[in-house]
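Biologist: Please take a close look at the pockets of this protein. I would like to know what lines them and where the lining comes from.

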Amino acid sequence: MDKTINANFENFIGMSEGYSEMAYQLVSHVLTLGYAVMLAGLLYFILTLKTVSPKYRMSNILSGVVMVSAFLLLYAQADNWTTSFQFDPEQGRYFLNPNGDLFNNGYRYLNWLIDVPMLLFQILFVVSLTKLSFKSVRNQFWFSGSLMIITGYIGQFYEVSDLGQFFIWGAISTVFFFHILWVMRKVIKEGKEGIPEEAKKVLGSIWTLFLVSWFLYPGAYLMPHLLGIDGLFFNEVGVVARQMTYTIADVSSKVIYGVLLGNVAQILSKAEGYDFKKLQQM
């Protein structure tokens, strides 16, 4: 089969060899879990909004916006998966539905285009910057975050039809990716200055989480060719692994990241005299 028929890895596997019941259901359940966690996260950030002083609440608000965006677009992607493939009783496998829409990872990229700048902005409403310029850091986050997603979005269309384009656009996206890591490292380093030890430890955990969760994304992008061109993962295993990796990365970089930032804000609020528990008792 000519790979140029469809440039999407998941659809190509669905056309050529199809999916076993286990692989199909695993992807469906992982996508469902993804948007369900985002909804749970939204409720958490709403309920904990007043546990931090007003000056830090924008971080919670941005987390809430991220949860809404992620929930809607991941819900659309989960529905997209179930309508893109249909069961063939003769072969006992799921194949691309000729009458349905093609499966498209573009839903994730659209979600990231909305969420990534806001996720990066969030920390600026929690830490205090004295050396770095708030406006400069914000603009760098917005510029590199947006271009990282846009170039990655372009590249993923070529993952089986034109590997040269796939790797070129992926490499361009990676330049912006490393720029974000560099800026975030500087923000966290400066943010640790003059705050309680407990808050410093949580910021250290945020940096570790940031590194681990964000490096999962390029791994998922490269999944079809991770161990060689058309190698070990160029099959249904790679499709399942990619969707699981993306979902773990999304939950970590959005929900857990937001919770940890909220924890820092709570510590700083209490250190500055804002004690939500005491205010409730008044």
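**Pocket linings**

Modeller: By class, the residues lining the largest pocket are 18 nonpolar, five polar and one charged. The model is a predicted one, and this pocket has a volume of about 410 Å³. Its lining is made up of 24 residues. Those lying nearest the centre of the largest pocket are M148, S173, F177, Y217 and P218.

Several helices contribute to this lining. At least two residues each come from helix 4 (106-122), helix 5 (134-156), helix 6 (163-191), helix 7 (197-221) and helix 8 (236-271). Helix 6 supplies the most to the lining of the largest pocket, namely eight residues.

The second largest pocket holds about 250 Å³ of space. Its lining consists of T51, E198, N263, Q266, I267, K270, Y274, D275, F276 and K277.

Sorted by class, the lining of the second largest pocket comprises three nonpolar, three polar and four charged residues. For the largest pocket, the corresponding counts are 18 nonpolar, five polar and one charged.

Technical notes:
Residues are numbered from 1 along each chain as its sequence is written. This is a predicted model: local features need pLDDT of at least 70, side-chain atom pairs count only at pLDDT 80 or more; totals for chains, interfaces and linings use all residues. Side-chain values use heavy atoms; hydrogens and water are left out. On a 1 Å grid over the protein atoms alone, a cavity is a set of points where a 1.4 Å probe fits but cannot get out, and a pocket is an open set with protein on both sides within 12 Å along at least five of seven lines; lining residues have an atom within 4 Å of a point. Grid points are joined across faces, edges and corners, and a volume is the space filled by probe spheres set on the points. Helices (H or I, at least four residues) and strands (E, at least two) are DSSP runs, numbered from the N terminus. Ala, Val, Leu, Ile, Met, Phe, Trp, Tyr, Cys and Pro count as nonpolar, Asp, Glu, Lys and Arg as charged, and the others, Gly among them, as polar.
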